[in-house]
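Please read it alongside the structure shown here.

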Amino acid sequence: MSGFFKENKADIVFFSGTGGTRCAADALATQLTDSGVTVSRHELSIAVRTKPLCANMLILLFPVYAMNAPKPVFDFIREADPAVGTPAAVLSVSAGGEVTPNKACRYRVIRALEKRGFDVVYEQMLVMPSNFWIPTPKEAAVQLVRVLPNRTGHIVRDLLFGVRRRTKPGALDRCCSWIGRVEELGAWRIGSATKVSSGCNGCGICQNNCPVGNISIVDGRHVFGRKCVLCLKCFYACPQRALEPGRFRFIIIEGGFNISRFLQQASMMTSDARPDLPDNFVWNGVNKYLNDKP
């Protein structure tokens with residue numbers, strides 16, 4: 001059984017800031033490998049050089065930033081070789097789920113891939129804990145990580161059986177996606193205004209781990225450029241908690257964000273009980289994701 005996979009091979013290409021999308025890519029790679037598919041895994045990062053694609057099945061994953069994909073994803077598509085008829089799946093990862101205003105988050109990516117000749121046969125939303133503004137309650141965050149293998153396993157089965165899945169976002173959702181581009185254009189302003197406290201010990205973790213190479217340390221002074229995509233990795237990865245936004249400080253979750261902590265807690269969890277989240281627009285998508293069987 002090969003479904004959409006040519007010669008049972010696939011390229012997983014992903015961008016990840018604080019680790020949620022990387023977890024999804026890892027889970028997907030494990031499921032594919034266990035199913036007999038040879039996987040090449042490529043991270044879109046300055047620190048990790050993306051290898052040439054083998055023109056097999058492309059699976060592209062990205063975190064949802066302002067109802068869209070982050071800029072490195074579009075850069076990758078623009079630089080990719082034309083791929084006439086090559087099948088592709090587009091998987092978005094968000095903390096809110098498949099609800100307005102996120103329903104059109106894959107729209108621009110899919111159009112860009114189709115212009116390069118890809119045949120986008122599948123799209124889906126995965127939900128992971130929030131690293132932005134409103135934290136996902138602990139019980140729900142752990143449960144989201146715990147159900148990830150099941151969700152990615154379902155996606156793999158669909159692709160192996162050749163199941164096509166495409167959605168049609170409405171005008172309102174496409175409008176939200178278009179408006180969200182304002183953040184894409186203005187993210188560098190927030191990044192360039194980052195403040196460094198006296199607690200900084202010059203370890204260089206922020207510089208070495210910025211996925212877009214936006215941070216440099218010159219003569220002991222941090223310089224934040226114009227390439228920031230607001231992935232928030234530098235804020236949460238700093239061991240001294242010495243970085244903070246110069247603007248919109250509320251976007252950083254008090255107490256930090258560490259996806260590894262949720263992974264560890266999920267590995268020890270034995271109950272399938274669903275967390276009792278508030279029934280409101282903030283958590284409706286998460287409730288639906290956790291309660292609906294794929």
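Lysine 288 forms a salt bridge with aspartate 292, their closest N and O atoms lying 3.0 Å apart, where a salt bridge is a side-chain nitrogen of Lys or Arg within 4 Å of a carboxyl oxygen of Asp or Glu. The model is predicted, so that local features need pLDDT of at least 70 and side-chain atom pairs count only at pLDDT 80 or more, while totals for chains, interfaces and linings use all residues. Residues are numbered from 1 along each chain as its sequence is written, and side-chain values use heavy atoms, with hydrogens and water left out.

**Salt bridges**

- Of the pair named above, lysine 288 is exposed at a relative accessible area of 53%, and aspartate 292 is partly exposed at 35% (buried means under 20% relative accessible area, exposed over 50%, and partly exposed in between, with a 1.4 Å probe and protein chains only).
- Salt bridges that share partners join Glu98, Arg106, Glu114, Glu123 and Arg166 into one network, and a search of the whole structure finds twelve salt bridges.
- Glutamate 123 and arginine 106 meet through their side chains in a salt bridge of 2.6 Å, N to O, and this pair links distant parts of the chain, with glutamate 123 in strand β5 (residues 119-127) and arginine 106 in the loop between β4 (87-94) and α3 (107-115), 17 residues apart.
- Helices (H or I, at least four residues) and strands (E, at least two) are DSSP runs, numbered from the N terminus.
- Glutamate 123 is buried, with a relative accessible area of 3%, and arginine 106 is buried as well, with a value of 0%.
- A salt bridge of 3.0 Å, N to O, also joins the side chains of lysine 71 and aspartate 75, both of which lie in helix α2 (residues 71-79), four residues apart, about one turn of the helix.
- Lysine 71 counts as partly exposed at 41% relative accessibility, whereas aspartate 75 is buried at 17%.

**Cysteines**

- A search of the whole structure finds zero disulfides, a disulfide being a pair of cysteine sulfur atoms within 2.5 Å.
- Cysteine 176 is in no disulfide, and the nearest cysteine sulfur, that of cysteine 175, is 6.0 Å away; cysteine 176 is buried, with a relative accessible area of 15%.
- Cysteine 203 is likewise in no disulfide, the nearest cysteine sulfur being that of cysteine 238 at 6.0 Å, and cysteine 203 is partly exposed at 41%.

**Helix pair α4 and α9**

- The axes of helix α4 (residues 138-146) and helix α9 (residues 259-267) come within 8 Å and cross at roughly 75°, where axes are lines fitted to C-alpha atoms, for helices over the stretch in contact, and angles run from 0 to 180 degrees between N-to-C directions.
- The two helices α4 and α9 are therefore roughly perpendicular to each other (angles under 35 degrees count as roughly parallel, over 145 as roughly antiparallel, 65 to 115 as roughly perpendicular and the rest as oblique).
- Their contact (heavy atoms within 4.5 Å) is made by Lys138, Ala141, Val142, Val145 and Arg146 of α4 together with Ile259, Phe262, Leu263, Gln265 and Ala266 of α9.

**Backbone geometry**

- A cis peptide bond, with omega of about 15°, joins threonine 100 and proline 101, and proline 101 is placed in the loop between β4 and α3.
- Leucine 232, although not a glycine, has a positive phi of about 75°; leucine 232 is found in the loop between β8 (221-224) and α8 (233-237) and counts as buried at 2% relative accessibility.
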